[in-house]
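Hi! Here's the structure I said I'd pass on.

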Amino acid sequence: MNPDPSANEAKDDGFDETSDPGSETGAGVSYRSPTYYELKAPPELDWRPYRPESWFRYREEWDERPVSGDPGDFPLHLDLDPTNRCNLGCVMCPRTAFLASEDDRWAPNGFGDMDFRLFERLVGEGAENGLRSVKLNFLGEPLLYPKLPEMIKFARDRGLWVMLNTNAVLLTRGMSEKLLASGLTDAFFSFDSPYEREYERVRVGAEYGKTLENIRVFAELKNAMGLRHVQTRAGMILSEDPRGREKTKADFISLFRGLGVAEIGFGLPTVPGKDYSPLNPKGFFRCPDLFRRVFVFHDGVAGPCCGDWVRSLIVGDANRSTLKEIWRSGVYGELRESHLAGDYGKVPTCRACSVPYLSRLGDV
């Protein structure tokens, strides 16, 4: 999902020191990036009071690293793709566009799942070196991975916060019970419309009523198990056409708050291959993720960016290097230096990034 366009208009540094989803800006709104925002959970659904002090210290460092420009010796967060397979063909997903055009740059080795031994090695190394959280998805649907509960338990047993994004189509009662019992701490549901016809047009292959029921049951089980610290969030990508947008947002909020989902997120779509650079006349952006997180795809290839679907920025291979070696590599250092020096536009992939530009397309 891509971020909200109006969040940080007054900022020109490319990052927001209030990007923590627990921070507040305005009337209960928290901004995670210049182009994506969330509505903070109401008191009865708020999970933050049930998190330990260590979580708040982690989030402080999450915000501080991009400001200081110091990446530390190890990432704070690790994004892993258990599988690059998916059960849907969503119209706004870059994966769908790549499959339609037979562009295999996003998956040069075809479809596959992450080797569980690789996962264990990466998370084990992270737990010993200051990693704080792991998120289990990138371009695939994590519920298709056969050992997903085992992944969650392995990471949680080592003290990490464990997150995942899911389309929730396969989120049966039994699966919800397994995920929660394994220690999942953050569940993010991608839904994309409060209206049945529009939802099923966008989320090709999904059933509106069945998926909503899956999310309702997950929230119900979470409460029944007394897991007040577990965060839930529902997010949708809005149309760039502003007509009817406010009603859509209001109906989406009403729908998911009624299901007991804590956070509500909205963003605008990214068009694969589009050059967004003309929309940033100031030409300056410091990507915060370069200083706090790294992405490892299902086959072990590592990248620095959530929007680099075609692997144009490769910073290492976790099959051959440790995460620490990748994090402190020369290629990663050069990339950070270009952003710190205000020269990020010299990196073609960064120049084409939508995050600093979608804010100019209109208020979501």
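Points are joined across faces, edges and corners, and the volume is the space filled by probe spheres set on them.

This is a predicted model, so local features need pLDDT of at least 70 and side-chain atom pairs pLDDT 80 or more, while totals for chains, interfaces and linings use all residues. Numbering starts from 1 along each chain as its sequence is written, and side-chain values use heavy atoms, without hydrogens or water.

The second largest pocket holds about 410 Å³ of space. It has 24 lining residues, and Glu198, Arg201, Ile237, Leu238 and Ser239 sit closest to its centre. H6 (196–202) supplies the most, three residues.

Now the helices (DSSP runs of H or I, at least four residues; strands are E, at least two; both numbered from the N terminus). The axes of H4 (148–157) and H5 (173–182) come within 8 Å and cross at roughly 15° (axes are lines fitted to C-alpha atoms over the stretch in contact, with angles from 0 to 180 degrees between N-to-C directions). They are therefore roughly parallel (under 35 degrees). Leu148, Pro149, Ile152, Lys153 and Arg156 in H4 meet Lys178, Leu179 and Ser182 in H5 (heavy atoms within 4.5 Å).

Note on methods. Parallel < 35°, antiparallel > 145°, perpendicular 65-115°, else oblique. 1 Å grid on protein atoms, 1.4 Å probe; cavity = no way out; pocket = protein on both sides within 12 Å on 5 of 7 lines; lining within 4 Å.
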